[in-house]
Amino acid sequence: MSLSQEDFEEIFEIFKVECDEHIQNLNRALISLEENPEQSDLIELIFREAHSLKGAARMIDLKKIEEIAHHMETILGKIKNEELKFSEDVNTLTLKGLDTIERIVGTISNGGAEEDADASSILRELKTLSEQHASDQKISSGKKIKKTVSEKKIKKKEIKKEIKRDLSLFSEETRMACTLLLDSLVEIEKTGDDSKKVKTAFESAHALKGSARIVKHQEMGDLAFSMEKLIKAVLEKKKTFSNEMIVCLLEASKLIEVFIVQVEKQEASVIPSNYLKIWSVLDRLSEEANASKDRGVKASKENHAGRKPRDLKKTEAPVVTVSEIKTEKSHQAILKNTASSVRVSSEKLDSLMGQAGELLIMKLKARQRLMDTQSIIDGFGGLSREIKNKCTQTRKTQRAGDDFLDQEKTDLFHTFLEKIGGEYSHVSEQLENLHKSLFDDYRQFSIIIDRLQDDVRKTRLFPFQTVLDTFPRMVRDLSSSLKKKVKLETFGASIELDKYILEHIKDPLMHIIRNCIDHGIESQEERMNLGKPETGVVKVEAVQKGNNAVIKVSDDGKGISLERIRASAIKKAIYTADEINQMKEKQVLNLIFHPGFSTNEIITDISGRGVGMDVVKSNIEKLNGTIDIDTREGQGSVFSMLIPLTLSTTQTLKIFVAGETFFLPVSMVERIVKVVENDLPVIEGFPAIHYCGSYIPYVRLSSILELSDEKAEEDATTEVEKSVAILKSGRVLAAFGIDLFLGEEEILMKGLGPYMLRIRNILGVTIMRDGTIAPVLNVGDIINTVQLRKITSTKREKPSQKHTRVQSILVVDDSIMTRTLTKNIIESYGYLVMTAFDGEDALNKLQQKEFDLIVSDVQMPNMDGLELTHFIKQDKHLKDKPVILVTALESVEDKKRGIDVGADAYIVKSSFDQSNLIQTIKRLL
């Protein structure tokens, strides 16, 4: 199919979405099948998904994807027909095929061509397996086929295989024809008698008739033949499609799908109860269509190949209307549902959500205008009452007989006052009516905005399952590479969250799960020695709690060692030993969120770089959420995240501190209480509040925000009650003195823009109803400041090293090509590089010249990289020199050997890229 570039781009976007769905379904099903190979229904599902993927690629003329999917379909077909045993190796190859398809789609999405993506290796492997004969496979029972088997039995087996092969071919051809027929009919119903679509429908019905005759399925053949005749009449302009014809043809297509399944499963032909009615209507319509051209000629029954369905006893087909056709699942309902749904880009939804959020600001401003109007009304009412009072007083004075007032002037004055009072009363009445109208409008306006926001919010809600689907594959690959047995259990898949939340929670969850498997779950041997099950368990569960979701990731591994965290923090000069000793357990645990922090003894392609957990915390905070850690050594760890279900609007508390207005997210406010500062007890040198059976620290919020607060200083010397906000981050509580609590308010929070991505204590800003901007406070930052208040002033920065010389690096590798390539990469970043061809040559150069870092291969002649590293770490002059091992050896045992000899980083060549190497060098220097 030849497409213009514009058409291709439009169709490719649709294909990309469909391809993603197929790959996600295949990944999920393949992992589930590997865990329980007895699920025969899953094999059928996987086969169909691969077939659909192949068909979609063929339609858009993506040859490589089509070929990969074709081989995958063939392999899965053999598994379904029991010609091939489903194994971990077969599954790994199939998953690699899906990865390749994903990579090809990514290449095209980035403006490349399908040819730019190399798929030769995976195609070769898939083709080899797909063409492999069943007899070449190892029998799981270990029994060999005896050569003494009779020729008769061999012949029988070969015949069975031929039948299976024919059935496989039948399945592929008929399913494709049936899909084309359905698609064509649906398009015809939407757009009318499109000649191309009618021709496609006719050819598809003809193909179905031929396939049915090959497998000798009479009912299917009869049905397809009647469909073919009816569509042919339309093609020859004898008749036009009516709603009755379309519905009947669609119902017949669904029956053919039932027959196809029967043939595939080699089941006895079971005729559905509505078959006769549908067939008779088709027959009647086709006769009417062919008779309309020449009314004197009756459609010949010989055209029906002289056959009738087995259960049809009457020679004449009874006249049955379409309204009588009832199936369990009406295709008309399916069409209706399809027509009522449209695919909308996420950018449009984001824009719609943003505009709906802006309406909230307009709602708040309208409310403020309503309050302003009420204030004006109150002013007019007061003025009117004052005028009336003046009139009354003047008249009383006149009646008292005061002679100094001129009667005529007094009367004029009274008249004037009464006139003014009347006008004021009239204006006040008009304002009252205006206020009533404005209030009615505001109420309607609010209802419409609230409904609109709710509807828009719902369009962006997706089940948590969409994120969970990506993890089984990751867990499988990672546990396999680490030679560990890990089972992933998920709960709460049906909970719906905002699309933005789901997109931004995926990476934090991925980092945590990786850490659970790499750092938490022990090796199989360790678990057996500890009396634990051989297979470790990682759980991901989500529950809804009000307007928030609580997501927990837990493992049953060895837990987090507080001693290792303390030692690593001291080693990396993040804190001194004295500072660490002052910290409580929760503060020590939170150090894992510090940028660049890691307890790994060696940097690998999986972990140890110190990036991951800090990303987790920052991403959670961007979602207005919190994260908390609970761990028990030898039993495992639990990471608990509290995040909102949606970010369209945020419920907040409005507070007043040091003359400024701030907002606090309601989800992080435990309670608002009143205290007298003078009466607070002092615990460990600081004021504290007794709350829920324990003491929590108290501090003025103005001091945390570094605002001058003269009023707070005055209050400290008096017995005045002060409002206090008890805030929480995870399970940590702290109390903050505020000047005034102004109530609860729903706000639209905005980010700080690209120039202020991260400001301490500030989460974002909002526009208040009077048009002014107010900050939304970051509760996590505020509580963290309180937790570290004893050590923030003494925290020392790691001294910056200003190098007056270019740093030098020694590259050791026995391959001249690898040596040269690595040298060129490192030199391009401004380092001075020398090379050595093996360990002995490297030692000679280390004795002659000083190097800042060594990058070495492992497998080399004379002295390998492990021996070289061991020698360097044992030498008192060289032991502080960082060593990076870059090697093809990627097993857990190999990495352990690297740790044992003292290597600082271990990079596997299969995951090697230049940014990976340079980042590791920068981190170690």
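Biologist: Where in the chain does K483 lie?
Modeller: K483 sits in the loop between helix 15 (471–481) and strand 2 (486–491). Helices (H or I, at least four residues) and strands (E, at least two) are DSSP runs, numbered from the N terminus.

Biologist: What am I looking at, and how are residues numbered?
Modeller: This is a predicted model, in which local features need pLDDT of at least 70, side-chain atom pairs count only at pLDDT 80 or more, and totals for chains, interfaces and linings use all residues. Residues count from 1 along each chain as its sequence is written, and side-chain values use heavy atoms, with hydrogens and water left out.

Biologist: How do I read the phi of K483?
Modeller: Start with the general idea. Most residues other than glycine have a negative phi. K483 has a positive phi, near 55 degrees, and is not glycine. E706 is another such residue, with phi near 60 degrees. E706 lies in the loop between helix 22 (701–704) and helix 23 (710–715).

Biologist: Which residues form the negative surface patch?
Modeller: Patch members have over 30% relative accessible area and no salt bridge; like charges are joined within 9 Å, and nonpolar side chains (Val, Leu, Ile, Met, Phe, Trp, Tyr) within 5 Å. A salt bridge is a side-chain nitrogen of Lys or Arg within 4 Å of a carboxyl oxygen of Asp or Glu. Asp and Glu count as negative, and the charge of Glu is placed at CD. Here the patch is E6, E9, E10 and E13. E10 belongs to helix 1 (residues 5–35). E10 is exposed, at 53%.

Biologist: Where is E867, and how far is its C-alpha atom from that of G839?
Modeller: E867 is in helix 27 (residues 865–874). Its C-alpha atom is 7.6 Å from that of G839, 28 residues apart along the chain. E867 is partly exposed, at 44%.

Biologist: What about the chain as a whole?
Modeller: It has 29 helices and 23 strands. Of its 925 residues, 45% are buried. A contact means heavy atoms within 4.5 Å. Among contacts with a separation of 6 or more, 71% join residues 24 or more positions apart. The accessible surface (Shrake-Rupley method, 1.4 Å probe) is about 49,600 Å², with 52% belonging to carbon and sulfur atoms.

Note on methods:
Buried means under 20% relative accessible area, exposed over 50%, partly exposed in between (1.4 Å probe, protein chains only).
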